[in-house]
Amino acid sequence: MPVHQLSRADARRIAVRAQLLGRPRPGSLLDVVRQLTLLQYDQTAAVAPSADLVLWSRLGSAYRPADLQAALGDQRLVEVQGMIRPAEDLALHRADMADWPGRGELADWLEFRQDWVAANRGCRLDILSRLRADGPLAARELPDTCDVPWQSSGWTNDRNVQRMLDLMEARGEVAVAGRDSRGRLWDLAERIYPDDHVVPAEEAARIRAERRLRSLGIARSRGVSTQAEPGDVLEAGEPAVIEGVRGRWRVDPAQLDQPFQGRTVLLSPLDRLVFDRKRMTDLFEFDYQLEMYKPAAKRRWGYWALPILHGDRLVGKLDATADRRAGMLRVDAIHQDAPFPKALSAAVHTEIADLAGWLGLGLDLPGD
């Protein structure tokens, strides 16, 4: 198989187009989620929750957060391990759930989790019994009958019920049925997940890798992984090299030699285009970090700065906050990686105004 020779601009345009950030815009919420394969259900709302920002950046101001909640409510979409996925895709994850915590030799941290669940079998069964009788319920409404407490140096220390629910979700025993103002509501997975054919594990891994590459357009065979989402695309697609970038890549052949028409977009800091910071740097040569966990005095761009995409380039960051009490979208700074030409500045300000309008807020710009 020939190795495709791509410029950085080629690779960027493939990535932007695959992420539905060019023109024309996609047709529906479900079209977006099926192409992206997932939305991260992060509730940080300095501007708006990430999933809503991701959908707004693709669909525009016709998108309403109630549309996402409706799709979750009627289970066209489901929440799994903090990710929103198309319900039909769960068939590709059920084999892994059945084989939890994994196949073959396990890493130490997986063995620890397996042993902890086994040591607290009674608590797990108590939770299942209570949900079967009264679910859906919040974690705070479920019994903590763990014999061995969960030990952690972080915020999960002694949060036994929540950790048990997370691991039972990974096992495919419980599922998120919805959310209230304080967090997730849990029920038996059999009441939430569609009763689809379970795709065998090896075939499911291959299909997921193919869909992941279709979503990204271009990716390294091995990439950044999270607990809920592998970061590799295995042997999906076709091999490629990118001029000026070390290493071998895999490219979705359907994205090759396609026309590109970009636009100006404000992105969530958790958008898939920028989530893998190494890939972002390789393709876009863009300097960016999410700074919400840094002390305010050490932030360069802001608590929840939105990367600014213009065509096939990431060109700056928007430091803005939705002040809902005052009814304003407050813009503290527009950080320009290089001085914006007049047309780009106008396009960015148009997007900021559109964001404020979508949020139902007035706009407070520097110098106003």
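This note sets out numbered points on a predicted model, covering its sheets, its pocket and cavity, and some backbone details.

1. Basis. The model is predicted: local features need pLDDT of at least 70, side-chain atom pairs count only at pLDDT 80 or more, and totals for chains, interfaces and linings use all residues. Residues are numbered from 1 along each chain as its sequence is written, and side-chain values use heavy atoms, with hydrogens and water left out.

2. Three-stranded sheet. An open sheet is formed by three strands in the order β5-β7-β6, with antiparallel pairing. Its edge strands are β5 (137-138) and β6 (174-180), each of which pairs on one side only. Two strands count as paired if DSSP finds at least two bridges between them. Helices (H or I, at least four residues) and strands (E, at least two) are DSSP runs, numbered from the N terminus. Between β5 and β7 (residues 183-188) the antiparallel pairing runs over two bridges, and Ala138 has Leu185 of β7 as its bridge partner.

3. Helices on this sheet. Helix α7 (residues 121-134) packs on the sheet and touches β5, β6 and β7; its direction makes about 90 degrees with that of β7. Helix α8 (residues 160-170) also packs on the sheet, touching β6 and β7, and its direction makes about 55 degrees with that of β7. Contact here means heavy atoms within 4.5 Å. Axes are lines fitted to C-alpha atoms, for helices over the stretch in contact, and angles run from 0 to 180 degrees between N-to-C directions.

4. Five-stranded sheet. A further open sheet has five strands in the order β11-β12-β13-β14-β15, and its pairing is mixed. β11 (264-266) and β15 (362-364) stand at the edges with a single partner strand each, so one side of each is left without a neighbour in the sheet. Direction ignored, neighbouring strands of this sheet are turned by 30 degrees against each other on average. β12 (residues 306-310) and β13 (residues 313-323) pair in the antiparallel sense over five bridges; His310 has Arg313 of β13 as its bridge partner.

5. Largest pocket. The volume of the largest pocket is about 980 Å³. Its lining holds 32 residues, of which Gly82, Trp155, Asp166, Arg179 and Arg184 lie nearest the centre. By class, the lining divides into 12 nonpolar, nine polar and 11 charged residues. (Ala, Val, Leu, Ile, Met, Phe, Trp, Tyr, Cys and Pro count as nonpolar, Asp, Glu, Lys and Arg as charged, and the others, Gly among them, as polar.) Helix α8 gives the most to this lining, with four residues, while α8 and β7 each supply at least two. On a 1 Å grid over the protein atoms alone, a pocket is an open set with protein on both sides within 12 Å along at least five of seven lines, a cavity is a set of points where a 1.4 Å probe fits but cannot get out, and lining residues have an atom within 4 Å of a point.

6. Gly82. This residue of the pocket lining is placed in the loop between β3 (77-80) and β4 (83-86). Apart from neighbours within four places in sequence, Gly82 is in contact with Leu39, Gln40 and Tyr41.

7. Cavity. A search of the whole structure finds one cavity of 30 Å³ or more. About 90 Å³ of space lies in the largest cavity, a volume being the space filled by probe spheres set on grid points that are joined across faces, edges and corners. The lining consists of Thr37, Arg85, Asp89, Leu92, His93, Arg208, Arg211, Arg212 and Glu229, which by class are one nonpolar, two polar and six charged residues. Helix α10 (residues 201-216) provides the largest share, three residues.

8. Backbone points. Most residues other than glycine have a negative phi, and most peptide bonds are trans. A cis peptide bond joins Arg23 and Pro24, with omega about -5 degrees; Pro24 is in the loop between α1 and α2 (29-36). Another cis peptide bond joins Gly135 and Pro136, with omega about 5 degrees, and Pro136 is in the loop between α7 and β5. Leu20 has a positive phi of about 65 degrees although it is not a glycine, and is placed in the loop between α1 and α2. Leu234, in the loop between β8 (218-220) and β9 (238-242), has a positive phi near 50 degrees.
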